[in-house]
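Biologist: Can you walk me through this one? Start with the charged side chains, then move on to the strands.

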Amino acid sequence: MASEIRVNKINSRTGVGTITLSPTGVDFTGIATVATLKATTGIVTTLSVTGTTTLNGNLDLQDNDKILIGTGDDLEIYHDGSHSYIDDSGTGDLRIRSNNVRFDKYTGETIAQFIGDGRVELYYDNSKKLETKTDGVDITGELQCDTLDVDGNIDLDGSKITFDSGGNV
C-alpha cells in the first residue's frame with residue numbers, strides 16, 4: 001500500500017481554514033467547505049474536524065460500523081446486519097429527554113407512548129392495553145396474574161365472581 005495519498009481533485013474549497021492531507025487522513029482546521037474530495041491512491045482512515053461538522057446528506061455506515069460517543073466511547077450506535085443497537089457502557093443512566101416519547105414498529109404501529117407529566121400507554125398489536133391515569137391504571141382486556149393482593153375497596157362491574165374449591169375468591 002502506498003504511504004501517501006494522492007488527491008485527484010478538491011472542488012469548491014471555501015472558507016477560512018486549512019486542509020492538510022497526511023498518510024493517515026485529512027485534517028480540516030478552521031472553517032472550510034469542500035464540495036468534493038476524491039482520493040485516487042491510498043486509503044483515508046481519519047477525518048479530523050475541529051469545530052462543528054454539518055452534513056448535507058447521509059452519514060452512511062455499513063453493518064458493524066459504529067457511531068462512538070464520549071471520551072471512552074461509552075455510547076455506541078450501530079447495526080450488525082440483523083439487529084440495531086444503542087449500547088451505553090458508561091457509569092450514568094441512558095436518558096432520553098423529551099416532552100413525549102413514542103416507540104413505533106417500523107410499519108408505524110404504536111408500541112408505547114410516554115407523555116410528559118401525564119400518562120404511559122402500552123400497546124399490543126397497535127391496540128392500547130394499559131394506560132396509567134391520575135387515579136391508577138386502566139387495563140383494556142383481561143388481567144391474568146398468579147396472585148392478587150388488594151389494599152382497599154373493590155368495585156366490580158361484572159356479573160360473575162369465581163371462587164376456588166376452598167371458597168376463596
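**Salt bridges and strands**

Modeller: Arg119, Glu121, Lys128 and Glu131 are linked in a network of salt bridges. Keep in mind that this is a predicted model.

Biologist: Which residue does glutamate 131 meet in a salt bridge?

Modeller: Glutamate 131 meets lysine 128, side chain to side chain, at 2.8 Å from N to O.

Biologist: Is glutamate 131 buried or exposed?

Modeller: Glutamate 131 has a relative accessible area of 17%. The cut-off for buried is under 20%, so glutamate 131 counts as buried. Lysine 128 is partly exposed, at 31%.

Biologist: Why would such side chains pair at all?

Modeller: Side chains of opposite charge can pair when their charged atoms come close.

Biologist: How many salt bridges are there?

Modeller: The count is eight. One of them joins the side chains of arginine 102 and aspartate 104, with 2.8 Å from N to O. Arginine 102 is partly exposed at 46% relative accessibility, and aspartate 104 is partly exposed at 38%. Another salt bridge is between lysine 133 and aspartate 135, at 3.7 Å. There, lysine 133 is partly exposed, with 42%, while aspartate 135 is exposed, with 63%.

Biologist: Now the strands. How many strands and helices are in the chain?

Modeller: The protein chain has 13 strands and zero helices.

Biologist: What holds strands together in a sheet?

Modeller: Strands of a sheet pair through backbone hydrogen bonds, either parallel or antiparallel.

Biologist: In what order do S6, S7 and S8 stand in their sheet?

Modeller: The order is S6-S7-S8, in an open sheet with antiparallel pairing. Strand S6 (66-69) and strand S8 (84-88) are at the edges with a single partner strand each, so one side of each has no neighbour in the sheet. From one strand to the next, the twist averages 10°.

Biologist: How many bridges join S7 to S8?

Modeller: Five bridges join them, and S7 covers residues 75-79. Leucine 75 has aspartate 88 in S8 as its bridge partner, and tyrosine 78 is partnered with tyrosine 85. The two strands make a hairpin with four residues between them, and glycine 81 in the turn has a positive phi of about 100°.

Biologist: What about S10 and S11?

Modeller: S10 and S11 (residues 120-124) run antiparallel and share three bridges. Alanine 112 is partnered with leucine 122 in S11. Their hairpin has four residues between the strands, with aspartate 117 at a positive phi near 55°.

Biologist: Last topic, the whole chain. What share of the residues is buried?

Modeller: Buried residues are 8% of the 169 in the protein chain. The chain exposes about 14,200 Å², of which carbon and sulfur atoms supply 47%. Of the contacts with a separation of 6 or more, 14% are between residues 24 or more positions apart.

Methods
Residues are numbered from 1 along each chain as its sequence is written. This is a predicted model: local features need pLDDT of at least 70, side-chain atom pairs count only at pLDDT 80 or more; totals for chains, interfaces and linings use all residues. Side-chain values use heavy atoms; hydrogens and water are left out. Two strands pair if DSSP finds at least two bridges between them. Axes are lines fitted to C-alpha atoms, for helices over the stretch in contact, and angles run from 0 to 180 degrees between N-to-C directions. Buried means under 20% relative accessible area, exposed over 50%, partly exposed in between (1.4 Å probe, protein chains only). Contact means heavy atoms within 4.5 Å. Accessible areas come from the Shrake-Rupley method with a 1.4 Å probe; for residues, only the protein chains shown count as cover. A salt bridge is a side-chain nitrogen of Lys or Arg within 4 Å of a carboxyl oxygen of Asp or Glu.
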